[in-house]
Structure formats: C-alpha cells, structure tokens
Amino acid sequence: MQDRNGFLWFGTKDGLNRFDGYSFKTFRNDPDDSTSLGSNFIHCLFEDLKGVLWAGTEIGLYHYDAKNEKFILLPSSNNLPIRSVQSDNSGNLWFIMGFTLAKFNPILNTTKIYSIDNFFSATSVCLSADKNIWVSTTNGYIEKYNAEQDNFISYNVFKHTPASISHWIEKIYPNSRGQLWIGTSNQGAKLFTIATSAYENVLTYNTDHTEIFARNFVEASDDECWIATETGIFIYYLKSKKTINLSKNYNDAYSLSDNAVYTFCKDREGGVWAGTYFGGINYFPNYPVSFHKYFPITGKNKMSGNVIREIHQDPYKNLWIGTEDGGLNKMNLHNETFTAFTPSDALNKVSYTNIHGLLITGNELWIGTFEHGLDIMNIQTNKIIRHFSEGDGLHDLKSNFIYCLYQDNNGAVMVGTTRGAYVYDRQHNNFNRLPGTPLMNWYSCILKDNNGVIWTGTYGNGINFYNTITKDSGNLKYDPSDKKSLSSNRVNSIFQDHQGTLWFATEGGLCKYLPSEKSFKRYTTRNGFPTNFILCILEDSFQRMWISTSRGLVCFNPNTEQLKVYTKENGLLTDQFNFNSAFRDKNGQMYFGTAKGFISFYPEEEKHTAFSPPIYITGFQVNNAAIDIHSDGAPLKQSILYTNNITLKHDQATFSIDFASLTYTSPEMSNYTYVMEGLQKDWIYLKQNRKVYFTELAPGNYTFKVRATNYNGQWNNNTAVLHITILPPWWVTRWAYTVYFLLFLCVAYLLSKNYHERIKEKNRRKIEQLEIQKDKELYEAKMDFFANITHEIKTPLTLIKGPLEKLIRKLSDVPDDIKKYLHIMEKNTNRLVALTNEILDFRQTEIKGFSINFVLADISETIKEITESFSVLADQKNIQFYLKEPEVKIMAEIDVEAFEKILGNLLSNAIKYAKNKITIQLFPLVSGNNSFSIEIANDGYLIPADQREKIFEPFFRLKETEKQKGTGIGLSLAKSLTELHKGTLCVKESGSDLNIFCLTMPVHQNALRIGSYHM
C-alpha cells in the first residue's frame, strides 16, 4: 500500500518494508523491544482516515506510531492472525481475526466481536463506493452491514453458476462504478452490481480450461481492472469485455517473475505494484510514453538477431527488419509473428546475416549486406530474384559493403557503399555513379531535398551536395576554427523536416543547416543532449523531432529548442540505439532499432502528468553512523520524516543527509538541488545522488533545503527543509564566556593589585635604599669621625705610654702603693691602645684597605699560644677552659696577626658570655678537603636562630646581654678578617645548649703564599 506521504509499504513473511523509490527500511520483531512488531509475518496493511498505518500480523493487529517509529498492539486482536482490515465512514476499524469479524471503536476504545457461530466465517472486508461495509465469507456469500440494526444482509454469489467443489471467496474489492469484484478459489472473478444485487462471472477458466483462483483486484482505470490469480495477471476491459493475460516467461526479463500473484497496489502515478508468492515485487510503471519492446524470446517468437539495423513496412502490413547479427526478419503486424531469413535457411535465404541497408520499392525488397553485395527479394514470394556484387565494369558496384539505400520521390534508387555512391538504372539493370559524389568516399546516408539537391553523408569526409537542376556541387566539412561549420565529418543520417529544413546527425552533435549562410547551427550536450553521438531523426505530427543517440532517445522541439531525454529508466530496451534504424509508418507509429532489439510507440499518445512528487529527508547520519531515535542522548527525538529541527553537539558536526523524491515511475531520472543556508549561498545541483555530506561545520544555525525534478525534468515547488543547530563546545558557550569574563576581571584585578603592590614595594625599597644609603652615609660619617677621634686619642696615648713605661723601669725603689698605681695606669693605657688599634683595624677592613700577608704557620701551636693568654682571664671568672687538638699538627697559609685577632675576638666573646665552660676544638684534616675547621663552644645565653646572622653586624647587641661590656665590633671584625682568608665564620646549629662558633679556612691560599693581599 501507499501511505498519504507517498511511501510504499510491503508486508512480507520476514518483516514490514518501507520503500522510497530507492531503498527499503525494514521493521522486524525484536524480542528485546516491546515497541517493535509482534510478528514478522504480515498478512495485510491498511491506512485509516487519520493516516495511521495498521499492520495485520500473524499474532495481532498493530498500529504504527510514525513519529516515534513504534508499533502498538490492539489488545483485542492479541495472538490471532489478521486477514483483512478496513475502516468505515464513522471511523470504526473492521478487521478479521482468523475468520472472525470484529469492529473496533477508537473513540470508545471498545471492540465488538461478530462470532462465527452467530454470524459467518469472514475472509475479506471492504468499503463500497456508497460507504457501506461488505464482508466476504467462506461459503459463497457476501454480507452487507446494516448499521441501524447491527446485522448483515446476505447475497449468494454462487446461486446462478454451475456447482463448484468450493464456494470460498478470497477477496472482495469495490470499483468506482458501484460494483464489487469478487475473487473466488474455483470460479475465478465475479462482478457484483450493488444497485441490482446481480452478479456475473467475468473470468472463470484459464486457456487450458482449469479453474482460476482469483486473489486480488486493482482498478487501473475506469475501464481497466487488473486481476491477481494463481496463473498470472489478467487485465479485464469492462467496455469491450476483453482480457489480456500477463504471465511468467522464463526468457523474457520484462515478464512477471512469478505467476502466483497475491496482492496489488496502484500508486499515485498510475503504476501498478504486484506482490507474488515466490517472485517478490513486480512493478508496471505508467510511463508517459508507452514503449513496446521487441526482442528475441526463445520459445515465444522466431525473431533472429538483436542488433537492429533497418526497419521498413511493405504494402502488405509486414515489417521488414534487418539485423547485423541475425539476418532478415519479417514481422506480421496483425499477430506480431516473425519469419527469419538467413543464409543457412533453404526456403528463406539471404546472402549474409549482417544486413546494413533495406529499401522497399514496389514488390521488391532491396537488401544491402556487409561485404556480400546487394540482394533483391520479391516480397510476395520471399525469394531472391536478383543479386549484385562489385565488379570492374563501368556500371558495376565498386564495393560489396552496401551501407545505405535510398529512393527519391521520382522512384530513383540510390545506393551508398564504402566506395562510392550509385544510382540504379532500371532499363539496363545496372548502376551509374551518382553525380557530385567522389568515388573514394564511404557513404553513410543519402537524401534528395525538396529543391532537387542530393545530399550524401560520408563517414569521415563531411557532406557532399549536388544540385540536379543547376548541376552545382560541393562539400561541407568540419572546421575546428569555425563554430558554424559541420560539427563532425562523420555523418550518420540526413533528415528534412516539414518546413524543408535540413538536419544532419553527426558524431559531434545535431546540426541544423542554414542555407542562406551555408553554415550550421549546432546542438550538443551543452544544449542538454545526453551525448554528441547522434544516429537517426524522425518527426511526429506535432513537429517534434525524435532523435536516437548512443545514450538514449531525445524528443526535441526545434521551435523552442527544449528537449526531453528518454532512457532505459523510462521504459526503453537499452540506451544504445543503432545506425540507420528508424522508421515512422502512415499512422504515426515510430520504430527505432537498438543493440538489443527494437521499440515502437505512438508519440501522439504521450501522457502529460501534472504529478508533483513530494520530497522527504529520509536519513540522517552522524559521524557515518545512523541515529537510533530510541537510544539515550540521540539528537533525533522522533522520525527524521517528522523532524523540522535538530540540535547537534560540537562533536557531531560531521554528518550526512539522505533524501528522496517519492516518484516510482523513473526515480533514476530525478535530479536534485540543495543548499545549506549559513554555509552556502548558491544551490548545488546533483545528478541522481541522494546523499550529501558535511564535515566539521562550525557552531551555529543552518537551514538545509532540497528540491527535486518531476518526470518531465521540471523543478517542483515542494521543498524539504531541516533546521540544524550545532552547539558550540562548552568552552565557547555564553556561560563559558561569562566565566572567562569574570576570570578576566579577577586576573585583571589581581594583576592590577600585584602591579600596585610591586610599585608600592618598589617605592618602599627605594625609600629603604635611600634610608640605608642615608644610614650608611651617616654611619660612614660617624665611623670616619670615630676613627679620626680614635686616631687623635691614640697619639696622646702613645705619648703617655712611652714615658710611663720608662718611669716604671726607673722607679724601682718607689713605694709599693706608687708602683701599684703606676701599673694600673700602664694596664689601662695598654687597654686603651689595644682598643684604638682594634677600632682602626675594623675601619680598615670596612674600607677594604687591610693588608694580608699569608705565611705557612702551625695552626695548633698558634691556637695554644692564643688560648694560654686567655686562660688567666678564664680562671678569674671560674670558667673551665678546654682545648682539643688533633695528634697530627696542621700547617696552613694564614696571616698570623689577622688569625690571632679572629681567635682573640672569638675567645674574648666566649669568655664574656660563658657561664661555666668554653671548648676549643681543632678538627683533623680530611683527605681531599683543602680546609681546616675550628669550633669554639660556650654555655652562655643561647643565641636565637633568627639572630645568628645579625650578631656579625657592626654594633649589634642582643637585648638579653646588653649589660655585658663591649663595643659590638669584635665579631664583625672577626668575620671580615675570615672572609679575607676566603673562609667562613658562622654560628652552628647544635642539638645542645651551647653556642658553637664554627671557623673554616683554606689550608692553601692558591698562588698567594707570602705577600700582600689588598682588598
């Protein structure tokens, strides 16, 4: 059946199929899917008034939810085979379960059963033209439903017929005349007239007198009914009451594939679909031009040869057909029977099987062969009466290859060969050279126009012409530099239309001769021709030209220059036509020969259809995978047929779209054009291709539109539209841009804040540097002042110290108390001198002007001497004084004076702050290490970790030890002198409650052995 959208549905034993003219979509039972068909065995199909498809299966009646592609079971039909379905004018659905009739009311959702016991065994149900429900039965009755009383009126359709072994009625079918067709198992087809309640037996027996089993009907037209039977299809014409039987023929590819025909469907284009038992589906297209095909069929006709060359009709209603592979054929037009003439046939003999030229003149048939001369046959006796071969004589043919034959209006017979063109001399029964034709040309066609000019087409040398009145002659050839010249030098045929215009069929296109200019107008593939290889030309009564080519048959209107191409898809045998193989009889019927037989048709009977096929988008694939609308997350939420908008993710931007124009007569002839608005501006033309691909489209909104041509090649107004939205990835969505903007603001804020903090810090550092510089300058000024004062103090102290030392040496006999005072003075003087020297040394190290003289010294001995000088002071303070030294003495390059000052300051500092003990340890040298280490530990106040570096700064004093006397420059001086030795001095972190000062110096001072090192 064909639904209201235009799709065709076919029910089989293996599922339900939807067809769009190109491909099938199959629906089958899936045990894991409750929305699939319950059974693959489909008995019947029906579309109700609302356009809902109902499928009668082996186990129930299902209706199809087209939008969601789901099948829903009618509960009251569960587990029963459904034979027939029909809706009435009130919307009720009638169906037959097994043999039980049921009526479903969709409004009340109720089902009424008409049981077999109370009513009848039903086989088929239909709605007649007067909107009444009729039901056929198994016992020969048809039942009319009485809605008022909810019962049936019975009619016996076997009442007036001979007895039959069965009264089974298989099918009832209403026609448009108020009648019912009745298909029976043993009495064929009956026709019941509702108004008179009378019936007649229309088709009962086959030609072999066996009973016909009529299974189905379809009304092809008001006068034409097709009847499906077990013995093929019978076409019954109601007016003439004549019947044609279409049956399977094993050697005929165009016949039925199987004689057991079960069902029919007539589509909106008038084509008839026939479902068979073993042969699948057969389609009988309703072509606008009905091409009748003739070709050899073994066992059916005696036609010999496939490659048809020449076709001519004699006065006796016979068609003579020359072939290039099977000799000569004569077809009786009354009964379409063939008689073959071959060289091997004793009765019907010709010179050769390869026939190239035919001509009927009176009762004679002239037969031109390939390299076997010219035969003359008597049409009435079918006997060869003369034969001509090439010879050396003046009036002999110069070639046995007779390529073409032509007779002008005066009865003159002209012969074209591969070596010269000739005219027949009836009086002398020989040939003369045709004037104006060079001998060494291959002549393919001859024509004498209305003006008496003889035109001869050649195979390679263009066109020769000879004016029989003026005796003028000439040659017209192809000129590559002249677009108005002949399009090719190979001329296949010449034709003069009703207006006297000459047309030339060449292998470079069709050429119209313009005599005033002696030029041509060309028609080629640029004008819509399927090829430039033009073969033959005929003209119909509408002055249209029918032109055979190597790629189909062209109907060309020379006035409008519009054309239509017919190919095998339009009902032709093949697209390959043959040379010199075209004929039009007196009734206007045209014949064209092809490489597989010949065709005939009446151009005037061409049907013009206004059918505009709908176009649908039939498929949508993402990343080369079809979309299942039932899967989670699928972009399609319903069938693509009912989808107007689709939204895709960014990773689904590669997709393809299928579409189809729902025409079935010649779907291959449909051309398509599409545009993707948002991506393209112009429509893109497609030649038969029905799928387009789009790859990685950018996020955005698009509109896909597609149109198609109808049978006549005109663009339909029907357009399929699909709006497509491709979402951007999450990182380019509005929310993402909002987040990006907020992040930008945050980053900008942080950068701005950081910038201002850096500026602030930079300014703070500048101020700090200025303060440091200022402090340093102040410090330098103080130190300079202090050093100057110290220097000024040192001078009088030195002057005091000298006399004091002399005085003490000379006053040996003075009293003890005076000596005591003098020694106190000496002691304090020495202390002041030492203090001034220390201050001056510290200043010298700070201004990097302290001279270092490295000598090789015994480190252990030097340490002993220094510690002994501090032992008395340690004893006075009750401090235990320990010295640890290695057994092997250590020799190193040091400035002895600076080294003594370093240790002196460290020991002085230790004694000043120690509580009970001081430990001095000289570590032994480690192999490979070019340094020695000394650790001085005391148990004084533990220096905090964050103050261990600051104690080496000048004048730095710990608050906890500020009461101890000191200048605060001793440790700073010791560190400066250590660094001049390329050593290190630091406070070592220890796990005990000891302050450990670690002094590390190199053993060797590189090349500086003895000398001055001035920083």
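A: Helices (H or I, at least four residues) and strands (E, at least two) are runs assigned by DSSP and numbered from the N terminus, and two strands are said to pair if DSSP finds at least two bridges between them. The model here is predicted, with local features taken at pLDDT of at least 70 and side-chain atom pairs at pLDDT 80 or more, although totals for chains, interfaces and linings use all residues. Residues are numbered from 1 along each chain as its sequence is written, and side-chain values use heavy atoms, with hydrogens and water left out.

Q: In which sense do strand β24 and strand β25 pair?
A: Strand β24, residues 261-266, and strand β25, residues 272-276, run in the antiparallel sense and pair over five bridges.

Q: In what order do the four strands of the open sheet stand?
A: The order is β48-β49-β50-β51, and the pairing is antiparallel. The edges are formed by β48 (534-539) and β51 (562-566), each of which pairs on one side only. From one strand to the next the twist averages 20 degrees. Further in, β49 (residues 545-549) pairs with β50 (residues 552-557) through five bridges in the antiparallel sense, and S548 stands opposite L553 of β50.

Q: Which residues touch the most other members of the largest nonpolar core?
A: A nonpolar core is a set of buried Ala, Val, Leu, Ile, Met, Phe, Trp, Tyr and Cys residues joined through side-chain atoms within 4.5 Å, where buried means under 20% relative accessible area, exposed means over 50%, and partly exposed lies in between (1.4 Å probe, protein chains only). The largest core here has 47 residues, and W455, F504 and L553 touch the most other members. Its largest share, four residues, comes from strand β40, residues 443-448. Another core, of 42 residues, lies apart from this one and includes L922, L977, F997 and L999.

Q: What is L553 in contact with?
A: Contact means heavy atoms within 4.5 Å. Leaving aside neighbours within four places in sequence, L553 is in contact with residues including F291, W546, S548, V565, Y566, F592 and F601.

Q: Is M590 buried or exposed?
A: M590 is buried, because its relative accessible area is 0%. This residue belongs to strand β53, residues 590-594, and, not counting residues up to four places away in sequence, M590 touches L538, W546, F583, I599 and F601, among others. G6 lies 584 residues from M590 along the chain, and the C-alpha atoms of the two are separated by 34 Å.

Q: How do helix α4 and helix α5 cross?
A: Axes are lines fitted to C-alpha atoms, for helices over the stretch in contact, and angles run from 0 to 180 degrees between N-to-C directions. The axes of α4 (residues 896-913) and α5 (residues 970-980) come within 9 Å and cross at roughly 145 degrees. This crossing is left-handed, a word used if the near helix is turned anticlockwise from the far one by less than a right angle, whereas clockwise gives right-handed. Among the residues making the contact are I902 and L906 of α4 and L973 and L977 of α5. By class, the contact has seven nonpolar, four polar and one charged residues, where Ala, Val, Leu, Ile, Met, Phe, Trp, Tyr, Cys and Pro count as nonpolar, Asp, Glu, Lys and Arg as charged, and the others, Gly among them, as polar.

Q: At what angle do helix α3 and α4 pack?
A: Helix α3, residues 859-876, packs against α4 at about 35 degrees, with the axes 10 Å apart, and the crossing of α3 and α4 is right-handed. I863, I866 and F870 are among the residues of α3 that meet α4, where L903 and L907 are among the partners.

Q: Why is α5 largely enclosed by the rest of the structure?
A: Nine of the eleven residues of α5 are buried, and therefore the helix is largely enclosed. The buried residues include L971, K975 and L980.

Q: Which value of phi does K982 take?
A: K982 has a positive phi near 60 degrees, in a residue other than glycine. K982 lies in the loop between α5 and β70 (984-988), and it counts as partly exposed because its relative accessible area is 47%. N623 likewise is a residue other than glycine with a positive phi, near 55 degrees, and is found in the loop between β55 (615-622) and β56 (625-626). At 42% relative accessibility, N623 counts as partly exposed.
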